[in-house]
Structure formats: structure tokens, C-alpha cells
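Please keep the sequence and the model in view while reading.

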Amino acid sequence: MNRIGARLSDFGKFEHPKELFTKVLAHGYNCGQLVLFKSFNEIDSYQSAVSDSIVCSISESMADNDFTIPVLGCYHDLQDRSQRKIILENFERYCAIAAKLKASCIGTESSFALKENFDKDTINYVLKLTEELNNIAFKHDVCLGLEFCAYHPYSDIKVFEKILSSVSHPEYLRLIFDPANILADSMLAKQHEVMKLWVSKYRHLICAVHAKNFKFNEHGKRVRTSLKEGLVDFAYIAQLFEFYDVHAPILREEPYVDNEEIEKDDLEILRALCN
């Protein structure tokens, strides 16, 4: 049975880890994606110092409640060349923290900007930087989790294949599988084909699944919905997970975590994904 969890930043910021875990556990979740500065008041950014005491407190709360961290977030705009030094420094520090928390991976995406096609030079730059991040992860014996998005340099399965073949330590690469992000608007009609390709080829590398959904508003823009109402076919993804025997934590992304009606609907889908 896969674990069901959440994006912990959706629950707000807290003074002490016990406060966060008390709230998250009350919703029935037993794992979560953690971004430290989005969850704790004493940490302002990825550059902020992270005290040993808060890392110990997080570890203790996890152990006391059989709670796991599938993804320790260290999300950066990798394509921003002016941030290269800061990105590498932050990854070095956060890999050490991930090891202490026994996180399944340290996670990132490749851009904060969304656009249809990044130029080849930008993509190649991001791939070279990913090679360096992979080396840092290997040094700390932590896996590097990559989150793909159709509108980022980490755009599609071909890019993932290129990364796997170019890094020095492919055994330290993992996939943060986010169906809503992987699907470009133009892919929705053939989403079963796209999802089946990803899951059939890389099911063994999926370290976490981001569960969120969307529909289009009257202006043609994506807006969030419950998992059941949206355009991403999670019922089909559940079938794929069962057929290909995917075992990965399912992490609900929901900015309105206290909406009981939406949560009830979402939990039906989350349980179906846990074959």
C-alpha cells in the first residue's frame, strides 16, 4: 500500500515541527513534501541558516508518528544563470539535511517561468547544471528528484532520457511524477498515451506522485479543481499504477486544505492510486 500524504507548505508556517505534524496527522496523512522555509517561521528562504535543533525536532516528530518525507524541496529556477552559485551552495546544504531527515530525494524543477519552448542553449545549460546537482546528491548519498513540466526545460520524456544518459550517477536520479504538469494543454486528448509511456518506462524511478487537477476558465487559463472534477484522468493513472505495480507516495497538492468537501472527494482518488 502506498503512503498518502500532502504538500506540507499548504498547511501554513509554524513555530515548531510538532505543530505542523499535529495538523497534518489530523488529516490522516503519513508523509509529505517539505520545503523548510515554507513551513517554519524561523527559516525565511533557501539561503537561511537551518539550525540543528529544528532538524532534530523534525526527525523526532517523524519517528514518533511513523511519518516520512518523500521529497525535501530545494526548488530553484535552474535556467537562471545569475543564480548558479547560489543554487549549487543551497543544494550542497540541503542534500546534507535530506540525508539527516532520511528524505527519499531532494527535489527540484528546472524553471519558474512557463513557456512553450525553451531555446536549445538554455536546455543544454540546465542539463549541464543537472549533472553537477547529480554529483552533489551522490556525494551525500541522496537521490535527486526531478519534477517535469511541459512548459519547463525539464519538459518531456526525451529530456529525462538525455539526463539519464549524461549524468555520472544515474542510479541517484528519481522522478517526481506530476501528471498535471507533464501534460501540455495540447496533450490532453492523448493523455492516456503520454501517461502510459512515462509509467511503463520509468515506474521504478518514481519517488513521489503529485496529485492535483485543473480545468480551463472562460479565458482559457488553467484553474485548480478537485482531483475528481479536473481534466487529468486519475482513474486511468490508477489503472496504470496497478498494472505496472507502482509503489510511490501520493502527495495531494491543495491550497485549501481545510475544505472538507474537496478533501473527501480527493481522498477517493488518492486511495485508488494506492493499489
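Buried means under 20% relative accessible area, exposed means over 50%, and partly exposed is in between (1.4 Å probe, protein chains only). The model is a predicted one, in which local features need pLDDT of at least 70 and side-chain atom pairs count only at pLDDT 80 or more, while totals for chains, interfaces and linings use all residues. Residues are numbered from 1 along each chain as its sequence is written, and side-chain values use heavy atoms, with hydrogens and water left out. Helices (H or I, at least four residues) and strands (E, at least two) are DSSP runs numbered from the N terminus.

**Salt bridges**

Side chains of opposite charge can pair when their charged atoms come close. A salt bridge here is a side-chain nitrogen of Lys or Arg within 4 Å of a carboxyl oxygen of Asp or Glu.

| Pair | Closest N to O distance |
|---|---|
| Asp66 and Arg3 | 3.0 Å |
| Glu268 and Lys228 | 3.1 Å |

Asp66 forms its salt bridge with Arg3. Asp66 lies in the loop between helix H3 (52-64) and strand E3 (68-73), and Arg3 in the segment before strand E1 (4-7), so the pair ties together parts that are 63 residues apart in sequence. Asp66 is exposed at 52% relative accessibility, whereas Arg3 is partly exposed at 22%.

Glu161 counts as partly exposed, at 28% relative accessibility. Lys201 is partly exposed as well, with a relative accessible area of 39%.

Glu268 is paired with Lys228. This pair links distant parts of the chain, 40 residues apart: Glu268 is in helix H10 (residues 260-273), and Lys228 is in the loop between strand E9 (222-225) and helix H9 (234-243). Relative accessibility is 41% for Glu268, which counts as partly exposed, and 44% for Lys228, which is also partly exposed. Elsewhere, salt bridges that share partners join Arg7, Asp10, Asp178, Lys212 and Glu253 into one network.

Is Arg252 buried or exposed? Arg252 is buried, since its relative accessible area is 2%. Its place is in strand E10 (residues 250-252). A polar contact is a pair of N or O atoms within 3.5 Å; within protein, one must be able to donate a hydrogen and the other to accept it, and residues adjacent in sequence count only if both atoms are side-chain atoms. The side chain of Arg252 makes such a contact with the side chain of Asp266 at 2.8 Å and with that of Tyr29 at 3.4 Å.

Asp245 is found in the loop between H9 and E10 and is partly exposed, with a relative accessible area of 49%. Its side chain makes a polar contact of 2.6 Å with the side chain of His247. The C-alpha atoms of Asp245 and Ile86 are separated by 39 Å, and the two residues are 159 residues apart along the chain.

**Packing of H1 and H3**

Helix H1 (residues 17-26) and H3 pack at an angle of about 30 degrees, with their axes 9 Å apart. Axes are lines fitted to C-alpha atoms, for helices over the stretch in contact, and angles run from 0 to 180 degrees between N-to-C directions. H1 and H3 are therefore roughly parallel to each other (angles under 35 degrees count as roughly parallel). The contact (heavy atoms within 4.5 Å) is made by Pro17, Lys18 and Phe21 of H1 and Ile54, Ser57, Ile58, Ser61 and Met62 of H3.

Notes. Parallel < 35°, antiparallel > 145°, perpendicular 65-115°, else oblique.
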